Amino acid sequence: VSDVQVKSYEGENDKVKYCVLLCGDDVDPAVVKAAAGALAMLTSASNKCCKKVFESKQWNDCLLNLLASTDVEICFRGCVIVQNMVASCKDTAEKVLDTQIMEVLQALVVKANLDSGSAQLTQYW
């Protein structure tokens, strides 16, 4: 990602907030995919952009929308965004992981294990 673009999004504006809100779009998966891809790239390049995600009041719902998507590419982008935010700094990590996002990530791991056949199911009688 271009340093010029990163600096543009880090500035005093609502560009990151707008990307976050587009991630919550229920109508057009192509818009969600594009916004999530942009946000994934920005959060990988800038700790400031990671923190700016919280400027959107709906940040949690929008990230959950990505993680719960049936489109694997959208879900993957959501996981990358969360990973970048958690890796950026302790305060950001705590804020993200103190939400339902952690539970959804755990469910995604279980689903991936079930899909690959490596999970063991135990029945309780």
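Are Phe54 and Trp59 buried or exposed? Both Phe54 and Trp59 are buried, a label for residues under 20% relative accessible area with a 1.4 Å probe and protein chains only. Before going further, note that this is a predicted model, where local features need pLDDT of at least 70, side-chain atom pairs count only at pLDDT 80 or more, and totals for chains, interfaces and linings use all residues. Residues are numbered from 1 along each chain as its sequence is written, and side-chain values use heavy atoms, with hydrogens and water left out.

Let us stay with the rings. Phe54 and Trp59 form an aromatic pair, edge-to-face, at 4.8 Å centre to centre and 80 degrees between the planes; rings pair if their centres lie within 6.5 Å, and planes over 60 degrees apart count as edge-to-face. The count of such pairs comes to one. Phe54 also has the charged end of Lys95 over its ring, 4.5 Å from the centre, and Lys15 lies over the face of Tyr9 at 5.6 Å from the ring centre.

Now turn to the largest pocket, with a volume of about 230 Å³. On a 1 Å grid over the protein atoms alone, a pocket is an open set of points where a 1.4 Å probe fits, with protein on both sides within 12 Å along at least five of seven lines; lining residues have an atom within 4 Å of a point. Its lining includes Cys75, Phe76, Lys111 and Asp115. The helix α8 supplies the largest share, five residues.

Notes:
Points joined across faces, edges and corners; volume = space filled by probe spheres on them. Helix = DSSP H or I, 4+ residues; strand = E, 2+ residues; numbered from the N terminus. Phe/Tyr/Trp six-rings, centres within 6.5 Å; stacked < 30°, edge-to-face > 60°. Buried < 20%, exposed > 50% of the residue type's maximum accessible area, 1.4 Å probe, protein only. Lys NZ or Arg CZ within 6 Å of the ring centre and 35° of its normal.
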